[in-house]
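Dear colleague,

I am handing over the structure below, together with some notes on what was found in it. Please read the notes alongside the sequence and the model.

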Amino acid sequence: IKTFGDHLVCFKPHAFGELYGNTPDTYTLIMASESIGCIEEKTICDCGKLIWLSDEGICRYGGGALPEIISGAVDTYIQNMDRERISSACAGYDGERYIISLPQKGGGKINLVLNLKTGVFTAEDDADFVCFTNMGGNLYGATADGRVLRLFTEDESVSWEWKSGVFNMDIEKKNNLRRIYVEGDFSGNVTVSIVNNKGKKTEKTINAMEKRGAGKERFYINLHPKDFHGVDSFQVCLKGEGTAKIDSIGLLLRKKDISYGG
């Protein structure tokens with residue numbers, strides 16, 4: 001039983017509902033789902049909306065509708081969770097991120113982190129957390145070997161940057177850049193820049209998770225021809241936060257295609 005939105009939310013393993021009313025004579029349990037419940041109480045956190053672990057994955061619920069399964073990006077770890085050790089799963093919230101420590105088949109754990117500002121879910125590390133607590137806006141985790149760790153300190157942010165070689169333009173044929181394609185695995189926002197030899201930059205930031213399809217992320221950006229007409233050369237630059245694996249960069253010209261694989 002948890003308190004949320006001035007109501008009691010009552011969980012079963014495969015169902016949950018909200019208790020309405022203000023006296024025993026008026027109490028009414030309204031079921032929110034008859035198929036989705038909570039399989040470990042320690043994974044429930046109030047993050048503005050309730051987030052918890054169910055048989056279907058990690059759920060988010062704000063009342064008035066069915067719960068939303070939000071763990072698609074980390075479903076590999078959800079499918080691999082050790083249900084015989086599910087009582088060791090636990091979660092915490094620091095005001096910006098939800099972290100769940102999930103037991104895995106074959107032993108050990110994986111810690112999955114949801115950044116609520118970006119909507120990005122990532123697998124972080126394999127520390128064996130047994131509980132979390134928030135004190136003064138800082139999140140602390142206790143591990144099975146007796147350590148207490150402060151999580152999400154500012155210096156944990158990882159930035160990356162990648163630059164292509166310099167591409168020469170065909171001035172005689174007056175080719176113009178029209179579009180850039182990016183394909184790979186990314187955990188957050190990606191900023192794509194095209195810089196020509198005159199110093200003109202065209203830049204755009206994409207949330208890779210919003211572009212996610214089946215398998216790898218693949219997205220494209222349309223470029224205005226006027227920024228690249230009559231230039232001698234250009235370079236492609238990518239940068240972001242978190243993790244990145246760039247598989248290929250494709251560039252579409254007005255008259256012919258060229259590509260750079262990395």
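Is Asp 55 buried, partly exposed or exposed? With a relative accessibility of 28%, Asp 55 counts as partly exposed, where buried means under 20% relative accessible area, exposed means over 50%, and partly exposed lies in between (1.4 Å probe, protein chains only).

Before going further, please note that this is a predicted model, in which local features need pLDDT of at least 70 and side-chain atom pairs count only at pLDDT 80 or more, while totals for chains, interfaces and linings use all residues. Residues are numbered from 1 along each chain as its sequence is written, and side-chain values use heavy atoms, with hydrogens and water left out.

The pLDDT, which is the predictor's confidence in each residue on a scale from 0 to 100, averages 84 over the chain, and 87% of the residues score at least 70. Over residues 256–262 the pLDDT stays under 50, although the model has 19 contacts there beyond four places in sequence, a contact being heavy atoms within 4.5 Å. Where pLDDT is low, the predicted coordinates should not be read in detail.

Of its 262 residues, 42% count as buried. Among contacts between residues at least 6 apart in sequence, 53% join residues at least 24 apart.

Returning to Asp 55, its side chain meets that of Arg 83 in a salt bridge (2.2 Å, N to O), the term being used for a side-chain nitrogen of Lys or Arg within 4 Å of a carboxyl oxygen of Asp or Glu. Asp 55 lies in the loop between strand E6 (50–54) and strand E7 (57–61), and Arg 83 in the loop between helix H1 (75–79) and strand E9 (90–93), so the pair ties together parts that are 28 residues apart in sequence. Arg 83 is likewise partly exposed, at 45%.

The whole structure holds nine salt bridges. Another of them joins Asp 94 and Arg 97, with the closest N and O atoms 2.9 Å apart; Asp 94 counts as buried at 14% relative accessibility, and so does Arg 97 at 19%. Arg 147 and Asp 145 form a further one, at 3.2 Å between the closest N and O atoms, with Arg 147 partly exposed at 42% and Asp 145 exposed at 54%.

Finally, please look at Asn 111, which is in strand E11 (residues 109–115) and is buried, with a relative accessible area of 0%. A polar contact of 2.8 Å joins its side chain to that of Ser 101; such a contact is a pair of N or O atoms within 3.5 Å, and within protein one must be able to donate a hydrogen and the other to accept it, while residues adjacent in sequence count only if both atoms are side-chain atoms. Leaving aside neighbours within four places in sequence, Asn 111 is in contact with several residues, including Ile 99, Thr 122 and Phe 129.

Definitions and conventions: Helices (H or I, at least four residues) and strands (E, at least two) are DSSP runs, numbered from the N terminus.
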